[in-house]
Amino acid sequence: MSAIQKEKRKIETTYQLKDYMKFIIPSLFGIFLFMVPLTYNGEITIPVAFMAKQVEGLLGGMIPPLMTFILLMVAIMTAVVSKLEPKALVKKPLMKTLFHVKPVWVYMRILGMLFAVMTLFQIGPEWIWSDYTGGLLLYDLLPILFTVFLFAGFLLPLLLNFGLLELCGILLNKIMRPLFTLPGRSSIDCLASWMGDGTIGVLLTNKQYEEGFYTKREAAVIGTTFSVVSITFSIVILSYLELEHLFIPYYMTIAIAGFVAAVILPRIPPLSRKKDEYAVENKQIVKDSDMKGVPIFKLGMEKALERAAAKNNGIGNTTRNGLKNVLDMWFGVIPVVMALGTIALITAEHTSFFDLLGMPFIPLLDIMQVPEADQAAQAMVIGFADMFLPAVIGSGIESEFTRFIIACVSVTQLIYMSEVGGLLLASKLPVKFTDLVVIFLERTFVTLPIIVLIAHIIF
């Protein structure tokens, strides 16, 4: 019997109402939490981000000292488990997963801890702990990551484990595969990022990669191309640059530029050179050849119901997996973000490195007839350090035309070392620092001409 015939036979299986409820209820709840926009105090957000914001407000100034303590504990435990390898600890799967890492990550966790301690107590050189370097990470970004990871870690299984990705993956495969060289399930990663936060998209992609649903190439493409900046942050950038009245043309511009970049970048190095091989074997994957001659919706529902009915989807297992997700993100990701983000911001604030990198953009912007090109050029590259820095530099530019371009480019570049870039390197996704540098520059060179062209039409 062929694979297609087996699928057809399985589709004829009769399911009861309770089987459908196991799929429908958790999936709808997950969609609501991660993808349904809400308006609160005039701002657009999603339930997960709203809950994270409320907890952040409730804890207030307690989070930076708490995070510093966690980073201190993580650095000590990582050094002990990774270097001394005590049998009592290494034998425990959770301890080994959390604290037994490669030497580079041991040093990175220690460095992140040192930056956090220096920033909290304001000891050592001021250029490490100032408001624009370590202080920006410890007091502004880490509290957001702490609370977002708390809720996202526990609640991501609602999107991952109950069949929603299986259904969307099969239904949207004919769209995502020819356009973006990706499986249909990647559309959920993009939506979760767009409606929520780019960090949520990275976390979702990382979990899917670890479970064998994405190849190395697919995971790298999704993590660097589809973990888009949220609509909320896009509005913040627009407001900071005093361009709120241009929201509709602004969002249309970044949507068009982002779409073009998502089509081109997967087809050129370094992303095109990633291997199409899985990290682990996953028998649940439906190959493109298996879909031929099979009713797509029925096949999608079959796979969704199979996933929802899995034995590991009980409340106890889901809760334990959620807690492991939270600890993995707190212990594995946040120290690296603190370390890399601080280094990137120090480089941006106290060296001429990004000024030099931006110089080649000056003649390019002059050719494109962009006013105040020298200031705009620095904004083209400084976003690699932090996504908000281009807006800070651009706020002093008089030309509304140029500020509009900076607002659009800063959102479509995606790779920011103080957040998404750090998360990508701290995750299991197959991307290196050099990959991120090249992809950042490629996204800039691809989207900039499109944005400038549209800006000339608008203005």
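The largest nonpolar core has 136 residues, and those touching the most other members are F34, F149, Y250, L365, I405 and L448. Such a core is a set of buried Ala, Val, Leu, Ile, Met, Phe, Trp, Tyr and Cys residues joined through side-chain atoms within 4.5 Å, where buried means under 20% relative accessible area with a 1.4 Å probe, protein chains only. Helix α9 (residues 134–155) gives the most to this core, with 11 residues; helices here are DSSP runs of H or I, at least four residues, numbered from the N terminus. Apart from this core lies another, of six residues, including L167 and M301.

The model is predicted, so local features need pLDDT of at least 70 and side-chain atom pairs pLDDT 80 or more, whereas totals for chains, interfaces and linings use all residues. Residues are numbered from 1 along each chain as its sequence is written, and side-chain values use heavy atoms, without hydrogens and water.

A search of the whole structure finds 10 aromatic pairs, that is, Phe, Tyr or Trp rings (for Trp the six-membered ring) with centres within 6.5 Å, counted as stacked if the planes are under 30 degrees apart, edge-to-face if over 60 and tilted otherwise. Two stacked pairs are listed here.

| Pair | Centre to centre | Angle between planes |
|---|---|---|
| F99 and F331 | 5.7 Å | 25° |
| F146 and W330 | 4.6 Å | 5° |

Because F99 lies in helix α6 (residues 93–99) and F331 in helix α19 (residues 315–332), their pair ties together parts 232 residues apart in sequence. F146 in helix α9 and W330 in helix α19 are 184 residues apart, and both F146 and W330 are buried.

Technical notes:
Buried < 20%, exposed > 50% of the residue type's maximum accessible area, 1.4 Å probe, protein only. Helix = DSSP H or I, 4+ residues; strand = E, 2+ residues; numbered from the N terminus.
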